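This report describes the fold of one chain and the way it meets its partner. Please look through the sequence and structure below before reading on.

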There are 2 protein chains.
Amino acid sequence: MGRVQEDMKRSGSCGLPPALEVMGERWSFLILRAAFNGIVHFENFSSELGIARNILSDRLSRLVRHGVLQRTPCEHDRRKVEYRLTEKGCDLLPAMLALRQWGEKYTMRTPANPVLVDTRDRRPIAPIRIRAADGRELCWRDLAWQDRSEPS
Amino acid sequence: MGRVQEDMKRSGSCGLPPALEVMGERWSFLILRAAFNGIVHFENFSSELGIARNILSDRLSRLVRHGVLQRTPCEHDRRKVEYRLTEKGCDLLPAMLALRQWGEKYTMRTPANPVLVDTRDRRPIAPIRIRAADGRELCWRDLAWQDRSEPS
């Protein structure tokens with residue numbers, strides 16, 4: 001990686017800085033994990049995560065503002081509010097699982113439990129990898145930057 | 001996802017919180033991105049990222065302490081120091097690219113440039129996906145938690 005180097009000062013050339021504007025803070029990912037686990041109410045986020053209520057409130061608003069969560073009245077009790085993942089929020093699952101798998105591989109002494117399995121075959125999901133357009137697994141050394149204007 | 005719910009209060013059961021201990025802060029990922037772009041010297045991280053020197057110093061030490069970067073004397077000038085990615089650091093590439101692709105998809109008005117290509121065929125890499133053990137693409141609805149002690 002690196003023949004054409006990214007211009008790291010020019011904004012708008014890479015999706016990472018704007019992604020970090022939304023998710024570049026520890027609680028955002030932990031709230032997202034809770035949402036993927038089916039948590040929808042403020043009280044449950046609060047008790048499950050052990051996060052201060054003012055911080056939780058701020059982070060939920062932020063995720064709603066960025067379209068990661070949607071704030072809707074609860075179907076059974078209109079006085080209550082639910083925070084549900086949008087399609088944009090669901091699309092963060094590969095990034096979250098890649099981080100989780102990295103944490104499992106490098107920081108845990110015992111294997112994570114429970115494990116995430118495919119409902120069809122009940123086998124653990126595969127490690128998240130970088131792949132070429134034709135599906136081959138790639139590593140860092142196989143990658144290069146290319147200017148869009150350059151013919152491929 | 002969610003038949004067996006994760007216990008979000010029990011530490012040591014999931015790799016995400018420890019991963020966020022290391023990477024759950026905006027600058028960590030931006031420093032990592034610079035490292036993947038071939039930046040190795042403090043001065044270059046500083047000028048490329050426009051980050052305050054004390055924060056850069058703190059974040060580099062932190063990444064070294066967690067084994068993501070390795071601090072070594074420069075080969076050509078032993079008074080200078082280089083920060084290079086370790087294998088553990090390189091293994092963060094799928095998580096970083098998944099976040100980048102998400103940012104590209106949802107936050108950018110124009111396509112990112114330059115693009116990351118496979119050096120072999122010069123075609124852009126594939127979107128990072130969750131896959132089953134046999135390679136099938138999976139989405140959130142295909143996933144379930146399973147206790148390790150349960151037979152698969």
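## Secondary structure and overall form

In this predicted model, chain A contains six helices and six strands. Read from the N terminus, the elements of chain A follow the order α-α-α-α-β-β-α-α-β-β-β-β. Chain A is more spread out than a compact globule, because its radius of gyration is 19 Å, well over the 15 Å that the globule rule gives for 152 residues.

Along the principal axes, the C-alpha atoms of chain A occupy a box of roughly 55 × 40 × 30 Å. Of the 152 residues in chain A, 32% are buried. Counting contacts in chain A between residues at least 6 apart in sequence, 45% link residues at least 24 apart.

## The side that touches chain B

Contact between the two chains involves 81 residues of chain A and 81 residues of chain B. Several elements of chain A give two or more residues to this side, including the helices α1 (16-23), α2 (26-36), α3 (42-49), α5 (87-90) and α6 (93-107). Strands β3 (115-118), β4 (130-131) and β6 (143-146) of chain A are also among them. The largest share comes from α6(A), with 15 residues.

By residue type, the side of chain A that touches chain B consists of 43 nonpolar, 17 polar and 21 charged residues.

## Strand pairing between the chains

β3(A) is joined by four bridges to strand β6 (residues 143-146) of chain B, and the two run antiparallel. Opposite L116(A) stands W145(B), a residue of β6(B).

Notes: Residues numbered from 1 in each chain as written. Chains lettered and ligands numbered in written order. Predicted model: local features only at pLDDT ≥ 70, side-chain atom pairs only at ≥ 80, totals over all residues. Rg over C-alpha atoms; globule rule 2.2 N^0.38 Å. Buried ≥ 20, exposed ≤ 12 C-beta atoms within 10 Å, placed from the backbone. Contact = placed C-beta atoms within 7 Å. Nonpolar A, V, L, I, M, F, W, Y, C, P; charged D, E, K, R; others polar. Pairing = 2+ DSSP bridges.
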